[in-house]
Amino acid sequence: MTRSAITTPPPGATLPEPLPGAPAPGSPLGSHYSRCFGCGDRHPTGLHLSAVTPDGVTVTAEFTVGEAHQGAPGLAHGGVLAAAMDEVIGMSVWLFQRPYVTGRLETDYLAPVPVGTTLHLRAWCTGMSGRKAYLEAEGRAGAPDGPVAVRAAALFIEVGMEHFAEHGDAQAILAEHHEYEVNP
Ligand SMILES: CCCCCCCC(=O)SCCNC(=O)CCNC(=O)[C@H](O)C(C)(C)COP(=O)(O)OP(=O)(O)OC[C@H]1O[C@@H](n2cnc3c(N)ncnc32)[C@H](O)[C@@H]1OP(=O)(O)O
């Protein structure tokens with residue numbers, strides 16, 4: 001991955017450990033929001049990522065490129081592939097049990113991805129430092145050990161839940177996540 005200095009962990013960054021309450025290895029990770037473009041089952045044309053965590057700190061997921069995801073005829077749109085990278089990385093920071101948002105996402109496109117291809121995605125953390133989490137992801141075409149078609153490196157920034165209440169739709173958060181106190 002040709003990551004930049006911004007997405008490279010600084011000296012002293014630490015690697016995450018599985019947290020108490022982490023999903024059991026292999027168990028499916030639910031959607032964080034039913035209308036999310038990446039993982040929501042109520043999004044009509046979204047990516048509908050289905051994901052699991054093998055170990056409580058990394059995530060694997062599958063995304064099948066559909067008609068709604070085209071850029072050039074018959075090929076996945078690059079922005080859609082970047083969204084898949086963002087989502088699988090976002091699912092992996094969800095395991096840290098603190099809210100994060102994408103600050104920076106860098107993407108390498110290594111091969112065109114035809115409609116109908118199932119991308120096997122994987123995301124992992126390369127370091128944590130203060131509010132910053134450094135992560136990478138890859139998408140392999142056709143099989144978990146297929147050729148790498150897309151790679152990404154990202155910087156995610158920890159925020160408070162008020163970030164989503166202040167800038168987003170607090171009622172929708174409350175409707176789907178009763179465990180969060182968004183208006184303390
Ligand atoms: C609930 C489930 C959520 C799932 C999310 C899925 C992933 C997503 O798609 S999130 C949506 C896309 N992302 C966004 O909308 C984020 C928009 N940006 C923001 O809200 C703000 O810029 C935010 C929160 C990232 C940072 O703002 P703020 O909290 O004021 O912190 P700020 O002081 O600016 O930055 C903190 C540190 O991060 C660094 N930083 C922040 N953004 C960047 C960036 N883009 N590039 C490099 N460094 C950055 C700052 O330089 C600073 O570093 P240091 O502490 O060393 O000085």
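**Close-up views of a predicted model**

**View 1. Strands E2 and E3 form an antiparallel hairpin in this predicted model.** Strand E2 (residues 50–52) is joined to E3 by three bridges, and the two strands run antiparallel. Six residues lie between E2 and E3 in the hairpin. Within the turn, Gly56 has a positive phi of about 85°. Ser50 has Glu62 as its bridge partner in E3, and Ala51 stands opposite Ala61 in E3.

**View 2. Strand E3 also pairs with E5.** Six bridges connect E3 and E5 in the antiparallel sense.

**View 3. Seven strands make up an open sheet with antiparallel pairing.** The order of the strands is E1-E2-E3-E5-E6-E7-E4. E1 and E4 are the edge strands, each of which pairs on one side only.

**View 4. Pro28 is an exposed residue of strand E1.** Strand E1 comprises residues 28–29, and Pro28 belongs to it. Pro28 counts as exposed because it has 11 C-beta neighbours inside 10 Å, where the cut-off for an exposed residue is 12 or fewer. Apart from its neighbours within four places in sequence, Pro28 is in contact with Ser50 and Val52. Between the C-alpha atoms of Pro28 and Ala76, which are 48 residues apart along the chain, the separation is 25 Å.

**View 5. The largest nonpolar core contains 36 residues.** In soluble globular proteins, nonpolar side chains tend to be buried together. The members of this core that touch the most other members are Ala84, Val88, Ile89 and Leu135. At least two residues of the core come from each of strand E3 (59–64), helix H1 (78–94), strand E5 (118–129), strand E6 (132–141) and strand E7 (148–158). H1 gives the most, with nine residues.

**View 6. Ala84 is shown with its contacts from elsewhere in the sequence.** When neighbours within four places in sequence are left aside, the residues in contact with Ala84 are Leu47, Leu49, Phe63, Leu119, Leu121 and Gly139. Ala84 is also one of the residues that touch the most other members of the largest nonpolar core.

**View 7. A shell of 15 residues surrounds the ligand.** The closest residues are Gly90, Val101, Gly103, Arg104 and Ile157. H1, strand E4 (100–109) and E7 are the elements that give two or more residues to this shell. The most come from E4, which gives four residues. By residue class, the shell divides into seven nonpolar, four polar and four charged residues.

**View 8. The segment annotated in UniProt spans residues 74–142.** The annotation, taken from an unreviewed UniProt entry, reads "domain: Thioesterase". Over residues 74–142, the chain is 25% helix and 46% strand. The end C-alpha atoms of this segment are 16 Å apart.

**View 9. Ala143 is an exposed residue in a loop.** The loop that holds Ala143 lies between E6 and E7. Ala143 is classed as exposed because 9 other C-beta atoms lie within 10 Å.

Methods. Residues are numbered from 1 along each chain as its sequence is written. This is a predicted model: local features need pLDDT of at least 70, side-chain atom pairs count only at pLDDT 80 or more; totals for chains, interfaces and linings use all residues. A nonpolar core is a set of buried Ala, Val, Leu, Ile, Met, Phe, Trp, Tyr and Cys residues joined through C-beta atoms within 7 Å. A residue is buried if 20 or more other C-beta atoms lie within 10 Å of its own, exposed if 12 or fewer, and partly exposed in between; C-beta atoms are placed from the backbone. Two residues are in contact if their C-beta atoms, placed from the backbone, lie within 7 Å. A residue is near a molecule or strand if its C-beta atom, placed from the backbone, lies within 6 Å of it. Ala, Val, Leu, Ile, Met, Phe, Trp, Tyr, Cys and Pro count as nonpolar, Asp, Glu, Lys and Arg as charged, and the others, Gly among them, as polar. Two strands pair if DSSP finds at least two bridges between them. UniProt positions are given in the numbering used here, feature names are shortened, and annotations may be inferred rather than shown by experiment.
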